[in-house]
Each structure stands twice: as C-alpha cells, then as structure tokens.
Amino acid sequence: MSVNKEIKRITTETLRKMKFDGERISMLTAYDFTMATLADKAGLDAILVGDSAANVMSGYETTLPITLDQMIYHAQCVVRGAKRALVVVDLPFGTYQSDPKKALYSAVRVMKETGAHALKLEGGKEIEESIRSIVNAGIPVMGHLGLTPQSINQFGSYKVRAKDDAEAQKLMDDAKLLEELGCFSFVMEKIPAELAAKVTASVSIPTIGIGAGNGCDGQVLVIHDMLGLNNDFKPKFVRRYLNLEDEIVGAVEQYVADVKSSDFPNSNEQY
Ligand code: KIV
C-alpha cells in the first residue's frame, strides 16, 4: 500500500486560523530555489519574495531599483522550491502606487507568471484604490505599514517609525483600512512593540512583525540576516541563528589554500 505523501499547502485561510487559534506565524524571505527548498523543508509557514532582493541579491543600497521582471524571476525560482509554504511576492516600487489600473496589471503579471499565492504592497490610505483593484480581482493582498523601505527618500532614514502620536494614529487608521479593504494580513516594520501589540489586538487579520516586538501574530526576517550572511548589518531586531559569513569565508579560504598547495583534488576526488 502506498502512503499518501501529499503536502498540505498553507493558505491565507490557514494564517487567519492561526491567529484565531493563537498559533504564531513564521515567515522569512527567500529569493531563489535552493533557499526556498530549505526553508520549506524546515516547516516555515510563509515565504516572502521581498524586494529586499534589491539589497541582498543585487547589492543596491535601497529597494527602489528592482524591477517587476526581476521580482517575477525571483518569485518563479521560489515557487519551484516551496511545496508547503504560502509564497507572498512584493510588488516593487513604481508598479502600483497612484494608478489602480497599473497596480492590477502588475499584480496579474506576477500571479500569472510565477504561480505565487499572494502579493505584498507598502502603504495605507495612499494606495487604497490600488489595493481595492487587486483584491477585487481575487488576488490576496498583504499590507505593509510602519517603516516602508520604498518610501526611504521621504523618511530620510531607517529609524523606528510611529513614535509620535500623530504617526501612531495614522498607522492604527491604516491598519483598520487594510482590514476593511480585504487584505488577508499585514506586515508592521520597525515600530514600538506596544503600538504593534495594540494594533494586533484591534484587527481580525494576522499581523506579521519585523522589529515590531513580540505582540504580533507572526514574525518575518530577511533570511540573509538571520543566517548571519553579512557581519556589517546587525540591527537590534535581528536574531542570528548562524554566522554564515565567517563559515563561508573560512571555507573559501581553505579551498583557495588547498588548490594552491595541490592538496585538492586528491586521488579519491578524480576519475
Ligand atoms: O522586502 C522585504 O524583505 C520586506 C521585509 C523586510 C518585510 O518587505
């Protein structure tokens, strides 16, 4: 008798139920097939194909330069590796703001060409009509409030957001709006933990925090950060589970030495 090994896909509904049941949601970024396969194997609930690919994969200073075609490429690679996790893809800067028709065009391209399950858009009231048009087309949308890196030129820095009453109130209003618009979840980035907990308690959809404390329904990190792939980037909110920069540099140093000394390949490593 063959055992049914069918893997049950995590859906937006699963995440909603997890909030209801009080089960925390685990999310990390991934941008390629291998990393997505490994994260999926480890039982991660959701993978974000973040536009942070612009930073960690392409070496840009901000997330602004990455294009829709490049995000589609990354998402295609991730979808091939993720058998169980929900795959959410960032719509990149300039592909959805201010024009709902353009937003829908970008959203449909990502969904058709990648097989991903949902999209993430940065902002609240300012992009209300774009969110509405995408949700109305039956595409699940995750919002993103607080520090929204696509607005870095307006913010001027990557400092903690919503520390004053006015910005905190706007964030709470935007959170309610995202819920009303039919978003299935939203990210809150780099805001005070107390505010994030208050927002989480005020909405029925799951919140995912990054630098937003322990009161959110789930957590997301850039996978390169939690694996310690860059010793120069150590923000307070990142917990490092490995120190891969040192491991990889050490391994490559050893390889270089072995090649130089003719130690590699040895008699067992040749035909
Ligand atoms: O692009 C990204 O990696 C993100 C996370 C920081 C939430 O949006």
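This is a predicted model: local features need pLDDT of at least 70, side-chain atom pairs count only at pLDDT 80 or more; totals for chains, interfaces and linings use all residues.
Me: Why is valine 256 called partly exposed?
Reply: Its relative accessible area is 39%, and partly exposed means in between buried, under 20%, and exposed, over 50% (1.4 Å probe, protein chains only). Residues are numbered from 1 along each chain as its sequence is written, and side-chain values use heavy atoms, leaving out hydrogens and water.

Me: Where does valine 256 sit?
Reply: Valine 256 is in helix H11, residues 244-260. Helices here are DSSP runs (H or I, at least four residues), and strands are E runs of at least two, numbered from the N terminus.

Me: What makes strand E5 largely enclosed?
Reply: In strand E5 (residues 141-146), 6 of the 6 residues are buried, so the rest of the structure largely encloses this strand.

Me: How do you know that E4 and E5 pair?
Reply: Strands pair if DSSP finds at least two bridges between them. Strand E4 (residues 118-120) and E5 run parallel and are joined by 2 bridges, so they meet that rule. For example, lysine 120 has methionine 142 in E5 as its bridge partner.

Me: Which strand is joined to E5 by 5 bridges?
Reply: That is strand E6 (residues 185-189), which runs parallel to E5. Here glycine 143 stands opposite phenylalanine 186 in E6.

Me: In what order do the 8 strands close into a barrel?
Reply: The order is E1-E2-E3-E4-E5-E6-E7-E8, with parallel pairing.
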